[in-house]
Amino acid sequence: MNQIEPIIEFKDFTFKYRAQVEPTLYDINLSVYPGEKVLIVGPSGSGKSTLAHCINGLVPFSFPGETTGELFIKGQKPEKMGIFGLSKIVGTVLQDTDGQFVGLTVAEDIAFALENDCLKQEDMKKRVSDVANVVEVNELLHHAPSELSGGQKQRVSMAGVMVDDVDILLFDEPLANLDPATGKKAIALIDQISRDNDVTVLIIEHRLEDALYRDVDRIIVVGEGRIVADMSPDELLCSGILKEQGIREPLYLSALEHAGCTVLPQSKPQHIESMDLSPYEAKVTEWFKQIERPKKEPVTEEVIGITDLCFSYVPGQPILKNINFSIHRGEMVSIVGKNGAGKTTLSNLICGFLTPDQGEIRLNGADISGLSIKERGEKIGLVMQNPNQMISKPMIFDEIALGLTVRGVPKDEIKERVNATLKICGLYPFRNWPVSALSFGQKKRVTIASILVMNPDILILDEPTAGQDYRHYMEIMEFLKELNEKKGITILMITHDMHLMLEYTDRAIVVADGEIIMDSTPAKVLTDETVAKRAYLKKTSLYDLAVKCNIKEPTEFVDSFIYYERELRENV
Amino acid sequence: MSRILTYEEKNTWIHGLSGVTKFLFFLVWSIVSMLTYDTRVLAVMLLLSFVIFKVSKTSWKQVGTVFKFILLFLVLNLLAVFLFSPNQGTAIYGTRTVLVPLVGRYSITKEQLFYEFNIMLKYFTVIPAVLMFIVTTNPSEFAASLNKVGVSYKISYAIAIALRYVPDVQSDFTKIKHAQEARGIEMSKKASLMERIKNMSAILFPLIFSSMDRIDVVSNAMELRGFGKNKRRTWYAGKKLTGKDYAVMIATVLFAVAALVITFYDGNRFYNPFQ
């Protein structure tokens with residue numbers, strides 16, 4: 001190994017953004033060798049994105065700053081090559097596959113880099129069709145981006161950088177916008193490409209368990225601008241470093257830990273499927289037996305009721321068919337299913353943005369078909385995925401007061417209610433701040449606060465934690481849980497995040513092909529293989545763990561695990 | 001689903017032409033139609049317009065809404081002309097044949113009606129040409145053609161990419177509008193016009209900010225894939241000019257010359273049936 005020249009080499013590398021006082025990266029020493037597949041993990045703000053930007057040239061060419069130390073990409077200094085020279089060596093697939101889709105059609109998007117290289121049209125057409133075959137989008141060449149699914153867009157993005165015959169493929173959070181099953185496929189495809197094309201692959205991702213669906217050679221942990229660990233997955237998973245850095249470890253390892261096992265690298269913990277569990281089986285079984293879950297009393301007071309709801313944009317092509325369910329007061333429910341299954345349509349119908357073809361929606365027992373969007377908005381609060389799509393006032397106080405101001409609530413009452421809400425949401429110290437000074441998680445809180453101030457009966461959140469690292473995820477979810485438990489607010493969440501559904505909701509409604517195919521506890525949903533397959537979900541690894549430990553009731557095991565973790569969090 | 005006023009791929013003779021050819025035709029056609037008031041020329045152009053419209057297999061669904069919108073403007077325009085200069089027709093044609101006497105100088109004259117009829121003809125000769133150009137020209141191919149005739153590729157690409165993001169921004173707009181309506185910002189007719197204009201800012205601000213995020217991502221993505229590296233670039237969707245294109249261009253120019261000669265032959269822009 002030592003004779004081979006590293007393809008990426010950082011030597012005592014430090015980088016400081018021009019606008020910042022402190023460096024973002026300190027003393028980085030890192031070598032990546034040709035053909036390696038490396039996973040880079042770290043919480044938000046750890047510097048892992050900056051590290052990636054140093055490799056693809058966005059730093060320093062688009063984001064200037066000061067560097068000390070040395071960096072070599074394929075033996076050359078990036079400053080000498082420029083961002084365009086680097087783009088011949090490093091292909092970057094950005095997180096936002098929607099935004100980076102530049103062309104009007106798939107073919108043009110793939111050809112974009114070739115066009116900029118002034119390749120002849122005939123050569124271009126051939127090259128595009130070759131690469132499209134590799135990522136299996138050859139059938140879609142003439143489609144517009146709006147006609148593609150999230151997974152397909154990502155394939156096109158990959159093709160778009162692979163046309164350049166790059167040596168290094170850099171994936172910036174490839175799983176962020178994908179449903180679990182599509183994410184799994186993406187990881188498999190990345191793996192296949194790295195094997196077949198002999199490229200070096202770097203994956204930046206905080207969803208560790210999903211990213212480890214296929215083997216990686218090494219995992220690099222970045223924390224507070226330094227490299228904290230650089231080791232094989234098996235070693236890292238047994239080291240406890242992940243926890244220290246606030247990165248979520250795979251669920252089956254948490255379970256093993258709770259059961260009192262010390263996992264050793266020789267058990268090969270990288271994949272639950274191939275892990276040797278024989279040393280731990282007895283302990284896991286014993287732990288499972290000693291957990292006693294209290295029975296929950298079911299609530300029966302209906303907040304939202306839906307009967308025989310049908311909807312279609314084009315007659316004869318139903319988006320939703322005969323939807324029936326009730327949400328009860330104080331519940332925390334998740335709606336899951338693959339992209340485009342009709343989840344968002346469902347929430348749009350409830351909020352009145354769309355009108356159903358047939359069926360009834362009730363709020364507190366009364367039909368709401370006659371209510372306007374505004375009237376529904378007083379009782380049903382919708383929080384959008386991206387806070388930037390909701391915030392319209394520069395100051396926090398005004399933003400939260402907006403809903404009350406337009407309803408003509410007296411000034412004194414507004415002040416009182418906004419202040420009370422600010423306190424609930426932990427934003428009171430920031431009340432006079434401009435919104436732009438807040439972090440993403442805080443902005444999310446502002447949007448939630450701006451809805452809460454109207455005292456809604458139910459909150460509907462669209463992907464509340466998308467793109468957030470573990471710490472921010474916990475922050476947002478614990479906050480919602482508190483609202484739910486202490487204030488009794490009913491919460492309905494649309495999500496792709498299997499962890500969220502498992503850890504924070506008691507009930508999951510699974511939508512697939514416009515129908516509800518299951519309405520049960522998350523543990524049951526995530527242990528049912530046929531449902532998981534139809535709805536593009538991913539079976540939880542806890543299930544595999546239970547089965548491999550010969551536990552007869554794997555669903556119960558998952559429930560027990562969740563109960564145990566919740567108790568643990570509450571007693572911190 | 002066919003979107004209003006967007007390019008749709010169809011296999012017609014007109015779709016086969018290069019974007020440059022169609023752009024030239026559209027420009028020349030509009031200029032001629034603007035210059036001439038010669039009813040004979042306009043009548044021929046009107047006829048040709050409808051033929052072109054038919055040949056391009058443009059469906060009513062693609063352009064109907066916009067067409068109605070333009071019609072509204074046409075009506076307003078005609079009324080305004082009558083309101084501000086009811087005797088324009090007389091001034092041009094030199095005679096005054098009153099059909100319906102109204103108050104003061106406002107009388108409906110044959111000459112005024114004929115003059116306004118010509119204005120209407122102008123509208124109807126240009127509209128099909130504009131619509132045809134928009135719905136039969138692939139934006140990427142058009143960007144490529146513009147670049148070929150000497151426009152900087154950065155400018156021509158900007159046109160194509162703006163079109164790429166129109167649907168995305170539209171869907172953002174709808175999402176934001178809904179969310180703000182749910183918060184109680186009234187955008188329906190229930191609110192007064194002033195209020196609606198004021199409330200518009202509640203949608204525009206988030207829209208602008210989320211579009212800025214988008215621009216950031218796109219410009220990084222473009223740079224990472226080498227946009228702006230060379231002085232020139234090639235185009236995947238580019239079309240070579242063929243014999244057909246040259247034929248159409250020559251025909252267009254010849255037609256323009258002929259039309260203008262006929263128009264100005266008698267010294268002014270108008271054809272006068274009253275003398």
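**Domains, sheet and interfaces of a predicted model**

Me: Which residue ranges does the domain assignment give for domain 1, domain 2 and domain 3 of chain A?

Reply: The model is a predicted one. In chain A, the domain assignment gives domain 2 as 250–290 + 540–572 and domain 3 as 331–354 + 373–539. Domain 1 of chain A is given as 8–243.

Me: Which element gives the largest share of the side of domain 1 of chain A that touches domain 2 of chain A?

Reply: The centres of domain 1 and domain 2 of chain A, taken over C-alpha atoms, are separated by 33 Å. Their contact takes 9 residues from domain 1 of chain A and 11 residues from domain 2 of chain A. On the domain 1 side, α8 (208–211) and α9 (233–237) of chain A are the elements that give two or more residues. The largest share, 4 residues, comes from α9(A).

Me: Which are the edge strands of the open sheet of 6 strands in chain A?

Reply: The strand order in this sheet of chain A is β5-β6-β7-β3-β8-β9, with mixed pairing. An edge strand pairs on one side only, and this holds for β5 (90–93) and β9 (226–231) of chain A.

Me: What is the bridge partner of A:Lys37 in β7(A)?

Reply: Strand β3 (residues 37–41) of chain A and strand β7 (residues 200–204) of chain A run parallel and are joined by 4 bridges. For A:Lys37, the bridge partner in β7(A) is A:Val201.

Me: At what angle to β6(A) does helix α1 of chain A run?

Reply: Helix α1 (residues 48–56) of chain A lies across β3, β5, β6 (168–172), β7 and β8 (218–223) of chain A. Relative to β6(A), the helix runs at about 150 degrees.

Me: Why is α17(A) described as roughly parallel to α18(A)?

Reply: The axes of helix α17 (residues 440–452) and helix α18 (residues 470–486) of chain A come within 10 Å. In the contact, A:Gly441, A:Lys444 and A:Arg445 of α17(A) meet A:His472, A:Glu475, A:Ile476 and A:Phe479 of α18(A). The axes cross at roughly 20 degrees. Because angles under 35 degrees count as roughly parallel, α17(A) is roughly parallel to α18(A).

Me: How many residues of the side of chain A that touches chain B come from α4(A)?

Reply: The contact involves 46 residues of chain A and 46 residues of chain B. Elements giving two or more residues to the chain A side include α3 (78–87), α4 (106–116) and α5 (121–134) of chain A. The largest share comes from α4(A), with 7 residues.

Definitions and conventions:
Residues are numbered from 1 along each chain as its sequence is written. Chains are lettered from A and ligands numbered from 1 in the order in which they are written. This is a predicted model: local features need pLDDT of at least 70, side-chain atom pairs count only at pLDDT 80 or more; totals for chains, interfaces and linings use all residues. Two residues are in contact if their C-beta atoms, placed from the backbone, lie within 7 Å. Axes are lines fitted to C-alpha atoms, for helices over the stretch in contact, and angles run from 0 to 180 degrees between N-to-C directions. Angles under 35 degrees count as roughly parallel, over 145 as roughly antiparallel, 65 to 115 as roughly perpendicular and the rest as oblique. Domain bounds come from an automatic or database domain assignment. Two strands pair if DSSP finds at least two bridges between them.
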